[in-house]
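Hi everyone, thanks for making time for this. Let me put the sequence and the structure up, and then we can walk through them together.

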Amino acid sequence: MMFENLTYMVPLIEIRHLTVGYEENIILSDVSLTIHDKDFIGVIGPNGGGKTTLLKAILGLLQPFRGEVVFHDCMTEGNHHRIGYLPQINNIDRKFPISVSEVVKSGLMSKKRIIKKYAPKDLEYAGELMNEMGIYEIRNKAIGELSGGQIQRTLLCRALVNQPKLLVLDEPNTYVDNRFERELYEKLRRFNENIAILLVSHDIGTISTYVKSIACVNHSLHYHPGNKITPELMEAYECPIQIITHGKIPHTVLHQHES
Amino acid sequence: MENLMSLLAMNFFRNALLASLLASITCGIIGTYIVSRRIVFISGGITHASFGGIGMGYYMGFDPILGAVMFGIFSALGIEFFTRKADLREDSAIAMLWALGMALGIIFIFLTPGYAPNLMSYLFGNILTVSLTDILFLTLLTLGIGAFFILFYRMILFISFDEEYALTNNTPVRLFNMILICLVALTIVLNIRVVGIILVMSLLTIPQAISNLFTRYFHKMIFLSIFFGFVGSISGLVFSYVYDIPSGAAIIFALVLMYGIAKLFFIVRKSFTQKQHAL
């Protein structure tokens, strides 16, 4: 069974011995990780541990000090990588004068090539996505008029409109209500049937039921090819979050890492 | 009325009208960009840094506006470059540039023998003395900005909204930022002749503040800002002629008055609709 799965694993991105940070400060050192097609990796770890830094290195926003991020052929299209990115919502200026559909279409920027008009099929797909996310009715509203959840839906459409092979989400569950959070995770599970997902989250308890594997990031990275999170695991990484559940927690104790 | 018609027959007044129109268009577009992107303070820095160039022009005997163009562009590119590379806090760096430009201007003018003619017109502007050359340059700038914003409208909008996302899409963000900040500098410098260094920032922000009361869309904000800017400039021009007060100050006063009226209108309307709901 397990080997059967392995044969289908097409690698998309290989991070090899990556050391990266800002200015002189090294945030992550000697990190290696391979992201395969249809992976659903939950990235957890304490604040300042380097979760966002890892994403930025994958997105090409930070140049590695050492090591490399290798993209396999299927990840490249024209001059850009096929990654959809959902930034933390507080990176967005909510007073900026722009409409929902303009934000969604901005995800097509790399396809459109500066002056050219959008292809009709791209616009059609943008419409479908907005419909599916439940923001089609408000597509002409300015983002300043939206709730946190509606902005997240808009940004998620922007991330998906270019039909990426990998979707990267940075803390999508902050500032949204519980109803949208559950809906979001269900949607992600469905997207995951076709694309790989890398999800950074604080909410370890919830994501563990959706992700297929877990990467603990705390200056280094440890990869767990399963989705069971235990208090011991979290303690080892000083994760500042408690698991609260009713009844018995599915329980797997992973081996203590060296060092 | 007769008075106004004879005014229109005068060359200087026609120039002034044309200058108001061109100033409203350039400031309407560029102002919307800087307000949306929250780089008003950076633009203030560029404005005041260009005073150094004006002083240099006086001292070395070339057109002060040319000096202002040089200082404006250099400081714009400097801010664009250093705020990314150097570990200098951005706002402190801009404040430093702001003061340095003014200081250089003052030193140059002090060193210039004799007295500096028209210095006041650079500080406070004088739309009634705008020359044909000024109008020519403003026309070129208007055409350049217009073409750039029409051709690359979406790109400008998307980069301004979320620069980081644009970078992940491998779009030429740095190039666009550089061109845009140069257009900001040119707009500021060429409009110095119209309203002066001290007041040019208001032409870039007050029409936008009024427009923002009516719309939350980038393109509508541009058109409304041009409209309000033009109405404000014309009213200011007439005020300035009738009451014999400096034109730059009169224009700003007219704009602020328009903002006040518009704001009041919205406050009254809001309280009125609330009352209706209560009934």
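Before we look at any strands, one convention: I call two strands paired if DSSP finds at least two bridges between them. Helices (H or I, at least four residues) and strands (E, at least two) are DSSP runs, numbered from the N terminus. What we have here is a predicted model, in which local features need pLDDT of at least 70, side-chain atom pairs count only at pLDDT 80 or more, and totals for chains, interfaces and linings use all residues. Residues are numbered from 1 along each chain as its sequence is written, while chains are lettered from A and ligands numbered from 1 in the order in which they are written.

Let's start in chain A. Strand β1(A), residues 11–22, pairs with strand β2(A), residues 25–36, in the antiparallel sense over eight bridges.

Which strand do five bridges join to β1(A)? That is β4(A), residues 66–71, and the two run antiparallel. Here E14(A) stands opposite V70(A), and R16(A) has E68(A) as its bridge partner.

Put together, this is an open sheet of three strands in the order β2-β1-β4 of chain A, with antiparallel pairing. Because β2 and β4 of chain A stand at the edges with a single partner strand each, one side of each has no neighbour in the sheet. On average, neighbouring strands of this sheet are turned by 15° against each other, direction ignored. For angles in this talk, axes are lines fitted to C-alpha atoms, for helices over the stretch in contact, and the angles run from 0 to 180 degrees between N-to-C directions. Helix α2(A), residues 51–59, lies across β1, β2 and β4 of chain A and runs at about 120° to β1(A).

Chain A has another sheet to show you. This open sheet of six strands has the order β7-β8-β9-β3-β10-β11, with mixed pairing. Its edge strands are β7(A), residues 83–86, and β11(A), residues 220–224, each pairing on one side only. Strand β10(A), residues 213–218, is joined to β11(A) by five bridges, and the two run antiparallel. One bridge pair there is N218(A) with S220(A). Helix α6(A), residues 148–160, lies across β7 and β8 (166–170) of chain A, at about 165° to β7(A).

Now over to chain B, and some helix packing. Helix α11(B), residues 200–214, packs against α12(B) at an angle of about 120°, with the axes 8 Å apart. The two are therefore oblique to each other; in my wording, angles under 35 degrees are roughly parallel, over 145 roughly antiparallel, 65 to 115 roughly perpendicular, and the rest oblique. Among the residues of α11(B) that meet α12(B) are L203(B), I210(B) and F214(B), and across from them α12(B) brings residues including M221(B), L224(B) and F228(B). By class, this contact has seven nonpolar, six polar and no charged residues. Contact means C-beta atoms, placed from the backbone, within 7 Å. As for classes, Ala, Val, Leu, Ile, Met, Phe, Trp, Tyr, Cys and Pro count as nonpolar, Asp, Glu, Lys and Arg as charged, and the others, Gly among them, as polar.

How does α3(B) pack on α11(B)? Helix α3(B), residues 40–60, sits at an angle of about 160° to α11(B), with their axes 10 Å apart. That makes the pair roughly antiparallel. From α3(B) the contact takes V40(B), S43(B), G44(B) and T47(B), and from α11(B) it takes V200(B), M201(B), L204(B) and T205(B).

Last stop, the interface: 21 residues of chain B are in contact with 23 residues of chain A. On the chain B side, the elements that give two or more residues are α8 (153–161), α9 (163–168) and α12 (218–243). Of these, α9(B) gives the most, with five residues. By class, that side of chain B has twelve nonpolar, five polar and four charged residues.

Key
Contact = placed C-beta atoms within 7 Å.
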